[in-house]
Amino acid sequence: MTSSPTPGLTRFNALDDSAASAELHEVCASSAWGSKMLAQRPFATADALYAANEAAMAELTADDLGEAMGGHAPIGRPKPGDPTSAREQRGMAGASEELKNELLELNLAYQEKFGHVFLICATGATGEFMRDAVKVRIDNSAEQEREIARGELVKINRIRLTRLVELAEGE
């Protein structure tokens, strides 16, 4: 348990609402999630911030989840110039062209079925792991997949929030 605020959390708590909202939007594209998180400030500890993330994610509607997923690049195609997207998808960096093409095809089939990108916490995952996950998850119902994506968003947000609270002024 984190018992005291980190310099980054102290900095985040001190931001005006507009600046804090912008930082939260970098974590998660859902405006409902951002509003719920903003309303909880100040956070006494990083653990309180992570708990607020989980609670806010649990309350998101299907439309809110769609908005959150809309902020994520497809696996294998990080957003150009986006260091977060590139860092999170580092496991695809050494993937063969064959694997990248297979993932592209699977991503397109998934997106056609569900109407949104395949979402997985890609940090530390290999291209093969992500490919296998798409192959399994594409057979899910829309409801099952929405709840799996919600869980993946919780993990992604926590990683991003950890980076936010570990950054001190000027980093």
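I looked up Glu 23 and found it partly exposed, with a relative accessible area of 23%. My scale: buried is under 20% relative accessible area, exposed is over 50%, and partly exposed lies in between, using a 1.4 Å probe and protein chains only. This is a predicted model, where local features need pLDDT of at least 70, side-chain atom pairs count only at pLDDT 80 or more, and totals for chains, interfaces and linings use all residues. Residues are numbered from 1 along each chain as its sequence is written, and side-chain values use heavy atoms, leaving out hydrogens and water.

Glu 23 sits in helix α2, residues 17–27. Helices here are DSSP runs of H or I with at least four residues, numbered from the N terminus. Leaving out residues up to four places away in sequence, Glu 23 touches Arg 11, Phe 12, Leu 15 and Leu 164; contact means heavy atoms within 4.5 Å.

Next I turned to helix α3, residues 31–40, and noted its buried residues: Ala 32, Trp 33, Gly 34 and Met 37. They pack against α2, α4 (46–58), α5 (62–69) and α9 (142–166). At the start of α3, I found a side-chain oxygen of Ser 30 within 3.4 Å of the backbone nitrogen of Ala 32.

Last, the cysteines. A disulfide needs a pair of cysteine sulfur atoms within 2.5 Å, and I count 0 disulfides. Cys 28 is buried at 2% relative accessibility, and Cys 121 is buried at 15%.

Note on methods:
Helix = DSSP H or I, 4+ residues; strand = E, 2+ residues; numbered from the N terminus. Polar contact = N/O pair within 3.5 Å; in protein donor to acceptor, adjacent residues only side chain to side chain.
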